[in-house]
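Please open the model in your viewer and keep the sequence panel beside it.

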Amino acid sequence: MVESAAHEFMLFGLSFNAETLEMTWMVMAVVLIFSIVATRNMKLVPTGLQNIFEMVITGLNDQIDASIGKRGSLFAPFLISLFLFLLISNWWGLIPGMASPTNTLNTNLGLALLVVVMLHVLGFYYKGPRYLKHFFEPFAFFVVIKLIEEVAKPITLAFRLFGNIFAGELLIHILPHLLPNIIAEVIPGVLWLGFSVFVGGVQAFVFTMLSTSYLAESIRDEDE
Amino acid sequence: MINIDGTLLAQLVNFIVLVILLKKFAYKPIMKMLHDRQAKIANSIESAENDEKKAQQVLGEYQKQLADARVSAQSIVDKAMKRAQEEHDASIAQTKQEIEQMRKNAKEDIARDRERAAMQLKGEVVSLSMAAASKIIAVNIDESTNKKLVGDFIEKLDKDKLGGLSC
């Protein structure tokens, strides 16, 4: 994670951060390769990597089914991809020389906005004008609070993840400067790395679960 | 790190591409495999239940056959015992009959022998008497008169004495 303008480049009048894009592509490749290796030669009796992958998928699927209901299976690939991408992204920055794609608001806000836009569009698609009505319940004045809530959703999603991951990476870079030598750094360094691994997993899970429940709120079939 | 620029749009595209690829290469195969496994387990359970039902049925049939076999074995034994008893009775009856027959034959033999002995005795007695009489009386009677005389005497003797003897 090196903050530098050298990574910026311009295309179609927009500026892009080359480092974030490179890291994202690497993470995407890792997620894809891991998934393909895990699901290649799948057997009815699972072994090794297939077990782990199945556990992640069935675990998330259960969560999704429980909160969204029968439409859940439609969004399961999206939410499972979200989880896997965020998990590997959060851990990616812990590898020396790499940076997490999720240490920038571009990625986090992008994903959060994608989720929020998706849930409004799908809510309107599934429920029609009835969907808009719930903004004015229990009485019209609530629309203000409801709108603030809707704006808060992507912002909290994005900033929670950004803060956690950015802080984790920042401290990894700062720790060597705070401590007198490499020996003194070993214990706090390893501890912080371990904690970052934990935080990365938790944040990926939190982001995915919040997205799931936001989606559930707007697209869940009320008759269920 | 907190400046928002075109990277956001690029990340959106990246993520959507990732979702599509993951869905194609990982999610679909794994869901298919999970469904296959579910179907296989359901099939296994169903076939196990069927097998158990069949086994119960076979066991029931077997027990019924066993009971039938026991009943028919009992009836065979009963029949055999009855027949043996009949044969036993028949053989005893036959033996009794044979014994009876043998006794009858023996009696007849004895009676015949006795008769024959009596005839022989009678003949000898006649000739002996003749010889004795001719010697004693030494009278010259003609042969036929003489024989008739002695025969009458013996006949009389036969009727009075010999017939009364028990042999």
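This is a predicted model: local features need pLDDT of at least 70, side-chain atom pairs count only at pLDDT 80 or more; totals for chains, interfaces and linings use all residues.

Colouring chain A by secondary structure brings out seven helices and two strands, and following the chain along its sequence gives the order β-β-α-α-α-α-α-α-α. If you draw the contacts within chain A that have a separation of 6 or more, 68% of them join residues 24 or more positions apart.

Now switch to chain B, which has two helices and zero strands, and in which 7% of the 167 residues count as buried.

**The largest nonpolar core**

Next, select the largest nonpolar core, a set of 51 residues in which A:Leu79, A:Ile80, A:Phe83, A:Phe85, A:Ile88 and A:Val115 have the most contacts inside the core. At least two core residues come from each of H1 (18–39), H2 (49–68), H3 (72–92), H4 (105–127), H6 (143–178) and H7 (182–219) of chain A, and likewise from H1 (7–137) of chain B. Helix H3 of chain A gives the most, with 14 residues. Centre the view on A:Phe83, which, leaving aside residues up to four places away in sequence, touches A:Leu60, A:Ala204, A:Phe205 and A:Thr208.

**Where the chains meet**

Finally, select the contact between the two chains, to which chain A brings 35 residues and chain B 26. On the side of chain B that touches chain A, colouring by residue class shows 17 nonpolar, four polar and five charged residues.

Key
Residues are numbered from 1 along each chain as its sequence is written. Chains are lettered from A and ligands numbered from 1 in the order in which they are written. A nonpolar core is a set of buried Ala, Val, Leu, Ile, Met, Phe, Trp, Tyr and Cys residues joined through C-beta atoms within 7 Å. A residue is buried if 20 or more other C-beta atoms lie within 10 Å of its own, exposed if 12 or fewer, and partly exposed in between; C-beta atoms are placed from the backbone. Helices (H or I, at least four residues) and strands (E, at least two) are DSSP runs, numbered from the N terminus. Two residues are in contact if their C-beta atoms, placed from the backbone, lie within 7 Å. Ala, Val, Leu, Ile, Met, Phe, Trp, Tyr, Cys and Pro count as nonpolar, Asp, Glu, Lys and Arg as charged, and the others, Gly among them, as polar.
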